[in-house]
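Keep the sequence and the 3D view open as you read.

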Amino acid sequence: MVPSDVQVHDLIGIGFGPSNLATAIAVDEHNARCQRVEDRVEALFLEKQAEFGWHRGMLFDNATMQVSFLKDLVTMRNPASDFSFVSYLHAHDRLADFINYKSMYPLRVEFHDYLSWAAGRMRERVAYDHTVTDVVPVTGPDGEAWALDVIARHAGHTRVFRARNVVVAVGLESSLPPEVTPAERVWHNLDILHRAAAFEVAEPRRFVVVGAGQSAAESVAFLHERYPSAEVCSVFFRYGYSPADDSNFANRIFDPAAVDVYYDAPVDVKRMLFDYHRNTNYSVVDGDLISDLYRRAYQERVLGRDRLRMMNASRVTDLRPRPDGVDLVVEHLPSGELTPLAADAVVFATGYRPVDAARLLGATEPRCHRDDEGLLRVGRDYRVVTDAALRAGVYLQGGTEHAHGITSTLLSAVAVRSGEIVASVAAGLAERHPAPAAATRALLATGPRS
């Protein structure tokens, strides 16, 4: 039973990756502009990890971001923010060095450090090591659910947090083929740095990487470079890696304005736009990395010691883990030829999928409306459409590609998307605590604060 005097937060964020980190910053900057206490958003974020971390298992030393540094946590929403990547560089005395680096794309390890730096400044708003298990509507005497109780496990105990709004941002999870079970020597690429460390002393003979996207190509390059005596086999359905379309006009699909266009479009047009522009993000590889891998393969052929083996138009048809490795069979699809292989490990770089928000919403999920395809209905402000009796807001960060387009799970839109969610929550506060008429007239006379 939750005490009646329990603190009620205006907003509780479930998950604290880049999306809800951007939300926390947007809340902080919103509150700094508020002239009335009633307009401030009281927020708390719950994160199951013990500390901030973002895809640590793929932080290769030489891997770069695929998005511009200007698409950081804040710049597209507030270029003057001191939480920008440029502010991070200045704080670490590297701004001039980065300018001379002459690139729009930072190293991934550097961008992760930027995110950690920003998360450290938001530490008071976050409860780490809290795993959310349920979200339960809180019903008042009138039968309407005015708040939500967020249930979390921490240090073996159950804790309850109450909020008028929740923002679910639990990110992506690894996606494996249905017939594949992770094992000691069968990994998803998300864990490759941690798993590969076990081979630092040993001398592996062969790795197999399955997949044709950016993560697959990066995993191939990493293993090929890290273990100079091992053969690295890249297995994928395609005839060759396909380059990502990062051309100028195609990149407009990631602009904030494109979300409005996509959201308002008919369903068939949404599908058309999504299919046309899949090659900006899905199962594609950075052109420079493709060239680098081809150069390595050609050089090895010239030197007569092939270690990088491209098994294109192929698939794995049999996979049998053993204590010290994996036995598998690769089928060449055009010819039907079967190639048995013995590998030290098999890495499946087969992509990610959004974590199903319904798994976390628990008791609240039945009150959320779905469309004809079973997908959650979501407003333009990322608020889930719910029963009228559920007055508390449920917002999604991610998992809204069907409504908002391809940027739903990407960093490109995180700054603007978070700002829109905070603005929506703040508008609800304003309805509960309307400004006095005099204050309203003064605001109209001076205009909104920038």
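Ser-283 sits in the loop between α8 (267-276) and α9. Helices here are DSSP runs of H or I with at least four residues, strands are E runs of at least two, and both are numbered from the N terminus. Ser-283 isn't a glycine, yet its phi is positive, at about 55°. With a relative accessible area of 39%, Ser-283 is partly exposed; buried means under 20%, exposed over 50% and partly exposed in between, using a 1.4 Å probe and protein chains only.

A word on where this comes from: this is a predicted model, where local features need pLDDT of at least 70 and side-chain atom pairs count only at pLDDT 80 or more, while totals for chains, interfaces and linings use all residues. Residues are numbered from 1 along each chain as its sequence is written, and side-chain values use heavy atoms, leaving out hydrogens and water.

Asp-93 is another non-glycine residue with a positive phi of about 55°. Look for Asp-93 in the loop between α2 (85-91) and α3 (95-101). Its relative accessibility is 67%, so Asp-93 counts as exposed.

Now for a strand. Which way do the residues of β2 (residues 11-14) point? Leu-11 and Gly-13 go one way, Ile-12 and Ile-14 go the other, and all are buried.

β2 has parallel pairings with β3 (residues 43-47), over four bridges, and with β8 (residues 165-168), over three bridges. Two strands count as paired if DSSP finds at least two bridges between them. Gly-13 turns up in both pairings: its bridge partner in β3 is Phe-45, and in β8 it stands opposite Val-167. Together, β2, helix α1 (residues 18-33) and β3 form a right-handed β-α-β unit, meaning that with the strands pointing away from you, the path from the first strand over the helix to the second runs clockwise.

Next come two helix pairs. Axes are lines fitted to C-alpha atoms, for helices over the stretch in contact, and angles run from 0 to 180 degrees between N-to-C directions.

| Helix pair | Axis distance | Angle |
|---|---|---|
| α6 (residues 214-226) and α9 (residues 287-303) | within 10 Å | roughly 40° |
| α1 and α4 (residues 108-121) | 10 Å | about 45° |

The angle makes α6 oblique to α9; under 35 degrees would be roughly parallel, over 145 roughly antiparallel, 65 to 115 roughly perpendicular, and the rest is oblique. The α6 and α9 crossing is left-handed, that is, the near helix is turned anticlockwise from the far one by less than a right angle. The residues making this contact (heavy atoms within 4.5 Å) include Ala-217 and Ala-221 of α6 and Leu-289 and Leu-293 of α9.

The crossing of α1 and α4 is left-handed too. Here Pro-18, Leu-21 and Ile-25 in α1 meet Leu-115, Ala-118 and Ala-119 in α4.

Finally, there's an open sheet of three strands, ordered β14-β15-β16 with antiparallel pairing. β14 (314-322) and β16 (338-343) stand at the edges with a single partner strand each, so one side of each has no neighbour in the sheet. On average, neighbouring strands of this sheet are turned by 20° against each other, direction ignored. β14 and β15 (residues 325-332) are joined by eight bridges, and Arg-320 has Asp-327 as its bridge partner in β15.
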